[in-house]
Structure formats: structure tokens, C-alpha cells
Amino acid sequence: EQAAASGGKKGKKGKKGSASTQGELRLLSGSLDGTITEWSLESLAPVNVIDSHGGSIWSMAVSGSGTLLAVACHDGGVRLFDLAGGDVTFKKGLPPHPGQSLSVAWAHQDKVLVSGDSLGHVRIWGLTASPPTCNTVSVLAPSAHNTPDRSSALVWAVCVLPDLTVFASDSKGRTHVIDGKMGMVEKSFVAHHGADTLSVVNDGFEVFSAGVDGRVVHYKRVVQSQNGGLTVAEWVMAGATRYHTHDVLCLCLAGQYNATTSADRASGRDVAPVDPSHRKEKKAPKLDARRTLPCVVSGGLDTQLCVYTYSPTAAKSSQPLTQAIRLPPWPHE
């Protein structure tokens, strides 16, 4: 099941406890039965259920303005729903993919939408034109004879950077860097040992992926050379860490998080995989409220939530990610 959050400026409450046009935070989920459900954040009860008009829902994304919801459906179509007025109403559908639509992401002030499918295709949609323009990129890997490998690569997740660079992760453990303006694959990383890469998120130009192998991988764009005013930059895998025992199903950016104290860092305990909620755990790292870093959270089949802090200015490093804390969803006490 996929979930998406929407929020905007303060507004009046809508009917049935849902948020209004510009209103408060809203929570929506999509499931394999083809329905979109809006949930009350107060009672955690469903307040609205509508049909996707395209079968099972594999992915959803709310636009930056919070007024549109993009839904990737099993029939290959990507459908847009209007969130204005506190309701969820169908607006229009984009031409379907040849395979099932599995992933979707917004970019560029809601003017660009990116979607991926079950046949290894990534589509970059220009929504300002009528009808919308479409640029299709294949992420199928070349074989030994320099011809595309036609075995299906499921594009499980996509994200879009401010300069229209697209990151796409697939079922062969690859993470692809795509030039969204030119419509071509710049580089591909095999960072997850051939296992499905299920999630990819970005914070500006900091990109993270996770998958079935339990790893969280950090990608950065570093400047390789400057010649005559021309800057040459390249995407690199800055590092990776594994603190989950099973598949990592999702990643989420979580703003700022308190970093560990200087004493913990000096002792090397800033990467200790501890569970401070357990009654027998006496060595939980202390957090320094005066020092905060951006963080990313991972969740997986082992029921653990792992919070990692990272430094946006750090160069390629063996430890670009630091695990601040591991949180079970159901504390022992």
C-alpha cells in the first residue's frame, strides 16, 4: 500500500473532518484493490474512499503545491486527481505505459511528472503543453552484443532533482542517473548486488536508495575538474550502510535531527546500532540538541525504523551516513 501526504496554507475544516482546499495536513493511501483512501489524522479512520479507475495502485505522489495527486495504476495509466476543496476528484489521465505503471514523482513547480513502468521505461511528462509532451527513456542494460537486454526491469521508484536529473531504481539492483532534458541515461550504479531497489529519495542533490539487500546507499555529485571556467561534475556512490536485517521497503526525508554528542563521536559510538527503548539497553548514544544535521529514515521487514544523519557538504567518504538511532515501531516500555 502506498501513502502520500498533502499540506498547504491554513484553511477551514472540510466536511467529515478532512482538510480544506489550502488546508491542514492530509493523509491519503492507495492499495492493490484500486481504491484511494483519505484518513482522518485525529481518529485514524477513513473519511473518503474513491476508485482509481485504473486497477491496482502501485505508487502515488502529491504535487509540490499540494493540489494534485498523481497515481500510477496497474493498467499502465498515470491518473491525476484534484485535491482542492477538501475532496479527491479525478481530473485527467495520461496516455498509458506499455507495461504497468509502478512509480511516479513530481518536479519543476508541478510542470513535470516522471513515471516508471514494468518494462524498463521511464517517461518524463511535460504537463504545460496540451496534450502533455512525453519523453521515453529505456533503462534496459546492454548485453554482451551491445543490444538491449530485453528481460523486464521493473522501475520501482523514481525521484527528480532541481535540475531535472532523474534517478530511477529497478528490480535488477541498479540505480540510473537520467538527464531529463536530453532524455538519456548518464550513468548506472549497481549498488544493491542485483537485488530489487525498492525506494529512492532526494534532498536537493543528495540522493539515497534502498532495497531488498538491506542497504541504504548515498549518492553525491562531486566536481571532478574545472578547466577554463567549465565545471565537470560526476555522480558517485558516496557510501553505504546496512543496519536492517531484512528488506528495506521505504525511505523518507525527515528534516533536521539532533546529532550525537562529541563524546559519543570520539568513542566511535555514533554508529552504534542500539535500541534505546529497550529496558536492558544502557549504552544509547546521547543526542546534542545544539548540533543538528539533515536525516533520512528507512523502514523494512524487520519492523525497525533507522534514522541516519548526513552532512550535505561532505565529499566522498567511507562513512557519509551516520546512524543516529534505531527505533522500533512498538517500544518495549
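**Entry 1: cysteines**

I started with C159, which is buried at a relative accessible area of 5%. I use buried for under 20% relative accessible area, exposed for over 50%, and partly exposed for anything in between, with a 1.4 Å probe and protein chains only. What I am reading is a predicted model, in which local features need pLDDT of at least 70 and side-chain atom pairs count only at pLDDT 80 or more, while totals for chains, interfaces and linings use all residues. Residues are numbered from 1 along each chain as its sequence is written, and side-chain values use heavy atoms, with hydrogens and water left out.

I then looked at C134, which is partly exposed, with a relative accessible area of 39%. A disulfide is a covalent bond between the sulfur atoms of two cysteines. The search counts a pair of cysteine sulfur atoms within 2.5 Å as a disulfide. How many disulfides does a search of the whole structure find? It finds zero.

**Entry 2: the chain as a whole**

I noted one helix and 24 strands in the protein chain. Both are DSSP runs numbered from the N terminus: helices are H or I with at least four residues, and strands are E with at least two. The chain has 333 residues, and buried ones make up 49% of them.

I also looked up contacts, meaning heavy atoms within 4.5 Å. Of the contacts in the protein chain with a separation of 6 or more, 46% are between residues 24 or more positions apart. The accessible surface of the protein chain is about 16,000 Å², and carbon and sulfur atoms account for 54% of that. Accessible areas come from the Shrake-Rupley method with a 1.4 Å probe; for residues, only the protein chains shown count as cover.

**Entry 3: the largest nonpolar core**

I wrote down the rule before the residues. A nonpolar core is a set of buried Ala, Val, Leu, Ile, Met, Phe, Trp, Tyr and Cys residues joined through side-chain atoms within 4.5 Å. Which members of the largest core touch the most other members? They are V114, V122, V160, V166 and I178, out of 15 residues. Two or more residues come from each of β9 (101-107), β10 (112-117), β11 (121-126), β13 and β14. β13 gives the most, with three residues.

I listed the neighbours of V160, leaving out residues up to four places away in sequence. V160 touches A105, W106, A107, V114, T165, V166 and N202.

**Entry 4: salt bridges**

A salt bridge here is a side-chain nitrogen of Lys or Arg within 4 Å of a carboxyl oxygen of Asp or Glu.

D163 is partly exposed at 24%, and R221 is partly exposed at 35%.

Another pair is E234 and K187, at 2.9 Å from N to O. It too links distant parts of the chain, with E234 in strand β20 (residues 230-242) and K187 in strand β16 (residues 184-190), 47 residues apart. E234 is partly exposed at 33%, and K187 is partly exposed at 27%.

I also checked R215 and D213, which form a salt bridge at 3.5 Å from N to O. Are these two residues buried or exposed? R215 is buried at 15%, and D213 is buried at 15%.

**Entry 5: a nonpolar patch**

L25, L27 and L41 form a nonpolar patch on the surface, with about 280 Å² of accessible area together. Patches are made of residues with over 30% relative accessible area and no salt bridge, joining like charges within 9 Å and nonpolar side chains (Val, Leu, Ile, Met, Phe, Trp, Tyr) within 5 Å. I placed L41 in the loop between β3 (35-39) and β4 (46-51). L41 is partly exposed, at 48% relative accessibility.

I found a cis peptide bond between S130 and P131, with omega about 0 degrees. P131 lies in the loop between β11 and β12 (133-138).

D110 is not a glycine but has a positive phi of about 65 degrees. I located D110 in the loop between β9 and β10, and D110 is buried at 18%. H193, also a residue other than glycine, has a positive phi near 55 degrees. H193 lies in the loop between β16 and β17 (197-203) and is exposed at 60%.
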